[in-house]
Amino acid sequence: QVETLKAKLLEQAQEITRLRSELGSTDVEKHRDLLAAENERLRQEMKACEGELRELQRQQQEPCRDCPHLQENAGLREQLSQLQREAEETRAKLAELDLEVQQKTNRLAEVELRLKDSLAERAEEEERLSRRLRESQETIASLKSQPQQIKYIIKTVEVESAKAKQALCETQSRNQYLQEQVGMQKQVLKEMEQQLQKSQKMEAQLRAQIMMYEAELERAHGQMLEEMQEMEEEKNHAIEEAFSRAQVEMKAVHENLAGVRTNLLTLQPALRTLTHDYNNLKRQVRDFPLLLQEALRSARAEISQAIEEVHSTNRELLRKYRRELQLRKKCHNELVRLKGNIRVFGRVRPITKEDGEGPEAANAVTFDADDDAVLYLLHKGKQVSFELDKVFPPQASQEEVFQEVQALVTSCIDGYNVCIFAYGQTGAGKTYTMEGTAANPGINQRALQLLFSEVRGKAADWDYAITVSAAEIYNEALRDLLGKEPQEKLEIKLCPDGSGQLYVPGLTEFRVQSVEDINKVFEFGHIKRVTECTNLNEHSSRSHALLIVTVRGLDRSTGLRTTGKLNLVDLAGSERVGRSGAEGSRLREAQHINKSLSALGDVIYALRSRQGHVPFRNSKLTYLLQDSLSGDSKTLMMVQVSPAEKNSSETLCSLKFAERVRSVELGPVSRKAELGSWPSQEHLEVLKTLLGDSPGSAASPGRGHTSPSPGQLSSRSASIRRKLQTSG
């Protein structure tokens with residue numbers, strides 16, 4: 001099409017040139033040019049007619065392509081070619097039969113040669129047997145002639161000596177031996193006669209088979225000659241029919257040629273009409289590019305407008321979808337807050353060199369591009385989807401993770417109990433998420449830094465005291481990581497004030513006031529925590545670590561006291577002993593870790609199924625987390641998983657446990673706040689401040705200050721009560 005358009009453009013350019021030349025010439029010149037063009041056109045038409053006439057003359061010796069008998073002629077040619085093919089096939093069959101006859105003749109010659117050989121062998125055998133028979137007969141004849149002499153000798157020697165008797169016995173034994181030989185020779189002669197009869201029978205059978213083969217060959221040869229004669233006759237007949245039909249067709253072609261010659265004389269008016277139509281088509285073709293460009297321009301505009309509308313619609317739908325997704329998440333978080341559900345965040349660590357290489361180190365975890373709360377796990381060839389409250393991919397930073405949990409951390413300042421614990425298999429990155437490194441700290445240190453920042457922001461109205469405790473549960477024993485005797489075992493007891501809260505007597509508390517104090521506490525506690533090297537993790541945590549942050553606040557204006565507790569728990573990783581290679585004390589540690597995690601699973605199952613009894617006391621870990629899991633705390637579980645294919649079974653178990661934890665409802669959380677008792681002077685100062693009097697006005701009665709009326713006092717006391725209730 002492009003080449004055609006180029007040719008049309010070239011023709012249009014030539015036409016434009018011609019029109020320009022015509023515009024610049026006179027009428028006479030135009031008339032002359034028209035006559036010259038008409039003369040040239042007639043000359044070309046005459047040449048075309050001469051060419052057609054030569055073509056028709058050339059076609060006198062060839063079948064006309066436009067002849068109505070063309071199909072019949074083609075059919076006859078096809079029949080002729082088919083008959084020729086059949087003749088070729090018959091010749092091929094005849095050649096095959098000749099080859100078969102030749103093979104059978106060769107085999108017959110071989111059989112005759114073998115028969116001659118066998119007859120010669122039989123003649124030799126008969127000659128040999130006849131010789132042996134003659135020899136045997138001679139031997140028998142000689143033996144028949146001997147006994148009379150022996151009898152004569154026996155008769156004559158009967159009166160002779162013992163030597164004669166011995167010779168007589170030997171002669172008798174020899175005579176017996178010769179008789180046995182004669183019997184054997186007779187038996188052999190009989191067997192040879194039987195073999196000779198069998199050979200004669202076989203010779204007769206072979207001669208009969210040879211005669212039968214010769215008769216069959218003569219019959220096959222006669223049949224082939226008859227078939228060849230019939231095929232030759234059919235071929236000659238078909239050729240004669242084809243020749244006669246070709247003559248008839250040629251006669252019809254000559255008649256058609258005469259008709260064509262007469263038709264050529266009438267083609268002149270039709271040719272002029274065609275020339276006129278051609279000029280009209282030429283003008284239409286000249287105008288066609290402009291029409292085509294206009295149509296393409298309008299079509300492009302319509303398509304662009306439709307595409308733009310579709311894009312705008314898609315953008316609007318995507319915006320609405322994302323807005324609805326955010327609204328759904330907001331409503332879901334509010335519902336979780338009202339129900340008291342345990343929030344579950346998932347974090348996937350990157351593939352590391354410890355995972356090795358090959359198919360076992362392939363990534364088995366994928367994420368949803370539109371929903372950051374869904375991830376997919378490829379386990380045993382099947383893809384399993386899990387929905388959590390938030391999923392962090394491997395490229396997520398510590399800062400991004402903490403931004404999602406900092407709202408829970410700040411609620412600790414307002415008097416709420418908060419618990420954040422990391423769960424997952426060993427080597428999944430729990431300690432990194434909770435503690436981090438010196439250059440990139442985790443949730444623990446960032447939480448305390450955020451608490452200090454919030455406390456400094458409220459320092460004008462509030463007094464806060466932040467204390468930190470660190471403990472670990474090692475082999476079902478609770479140990480103080482900040483105490484002087486870390487090996488001393490501590491116990492968990494109920495508070496004596498009757499609140500039902502749990503506490504650990506003797507647990508060391510450090511008051512921290514700056515980031516430097518935090519770093520010292522972390523360094524001191526990290527040194528004493530038990531870690532060992534296993535096949536799955538070079539620095540595997542062998543205990544459950546708990547960082548307990550207590551925030552006590554006092555509102556100086558209202559006397560409101562708040563107490564919030566933040567429990568940051570780094571659980572030891574679940575592990576399969578066969579893969580971790582634990583032995584001895586490491587094996588005992590792994591057994592205690594798996595037992596405590598199993599007890600945590602039992603507690604989650606009991607809470608999820610709303611059982612009357614929840615087995616918190618089955619493990620020190622669950623007993624210590626009872627406050628966080630019994631509905632009096634805002635709880636967040638950070639499930640850590642490995643994306644490696646070889647860890648897909650442990651990842652599947654961790655994600656299933658996370659979904660079970662996510663469905664647990666603990667109920668609404670209560671705030672720990674109470675009004676304290678103030679000294680009288682401080683009480684008066686606050687009352688004066690709330691009533692609008694400055695402290696100096698009470699000490700200067702001589703400045704014309706008048707006491708308020710009882711109505712004013714009652715209204716101001718009501719205002720103070722409302723402020724206290726509001727702040728409470």
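Modeller: Accessible areas come from the Shrake-Rupley method with a 1.4 Å probe. For this protein, a predicted model, the accessible surface comes to about 46,400 Å², of which 53% belongs to carbon and sulfur atoms.

Biologist: What share of the 728 residues is buried, and how many helices and strands are there?

Modeller: Buried residues make up 30% of the 728. The protein has 17 helices and 18 strands. Among contacts between residues at least 6 apart in sequence, 73% join residues at least 24 apart.

Biologist: What is the average pLDDT of the protein?

Modeller: The average is 77, and 77% of the residues score at least 70. Over residues 535–539 the pLDDT is below 50, and this stretch has 13 contacts beyond near neighbours in sequence. Residues 677–728 also stay under 50, with 26 contacts beyond four places in sequence. Where pLDDT is low, the predicted coordinates should not be read in detail.

Biologist: Why is Cys419 called buried, and why is Cys169 called partly exposed?

Modeller: Buried means under 20% relative accessible area. Cys419 has 1% relative accessibility, and therefore counts as buried. Cys169 has a relative accessible area of 48%, which lies between the 20% and 50% limits, so Cys169 is partly exposed.

Biologist: How many disulfides does a search of the whole structure find?

Modeller: The search finds zero disulfides. The criterion is a pair of cysteine sulfur atoms within 2.5 Å.

Biologist: What makes Arg610 exposed, and where is Arg610 placed?

Modeller: The relative accessible area of Arg610 is 61%, and exposed means over 50%, so the term applies. Arg610 is in the loop between helix 11 (585–608) and helix 12 (620–624). Its phi is near 55°, a positive value in a residue other than glycine. Most residues other than glycine have a negative phi.

Biologist: Why is Glu476 called partly exposed, and what is its phi?

Modeller: At 23%, the relative accessible area of Glu476 falls between 20% and 50%, so Glu476 is partly exposed. Its phi is near 65°, which is positive although the residue is not glycine. Glu476 is found in the loop between strand 7 (462–474) and strand 8 (477–480).

Biologist: What makes strand 7 and strand 8 a pair, and in which sense do they run?

Modeller: Two strands pair if there are at least two bridges between them. Strand 7 and strand 8 have four bridges, so they meet the criterion, and the sense is antiparallel.

Biologist: How do you know that the span of helix 14 (residues 648–662) agrees with expectation?

Modeller: The expected span is 1.5 Å times one less than the number of residues. For the 15 residues of helix 14 this gives 21 Å, and the end C-alpha atoms are 21 Å apart, so the two values agree. The buried residues of helix 14 include Leu652, Leu655, Phe657, Ala658 and Val661.

Conventions
Residues numbered from 1 in each chain as written. Predicted model: local features only at pLDDT ≥ 70, side-chain atom pairs only at ≥ 80, totals over all residues. Heavy atoms only, no water. Helix = DSSP H or I, 4+ residues; strand = E, 2+ residues; numbered from the N terminus. Buried < 20%, exposed > 50% of the residue type's maximum accessible area, 1.4 Å probe, protein only. pLDDT = per-residue confidence, 0-100. Contact = heavy atoms within 4.5 Å.
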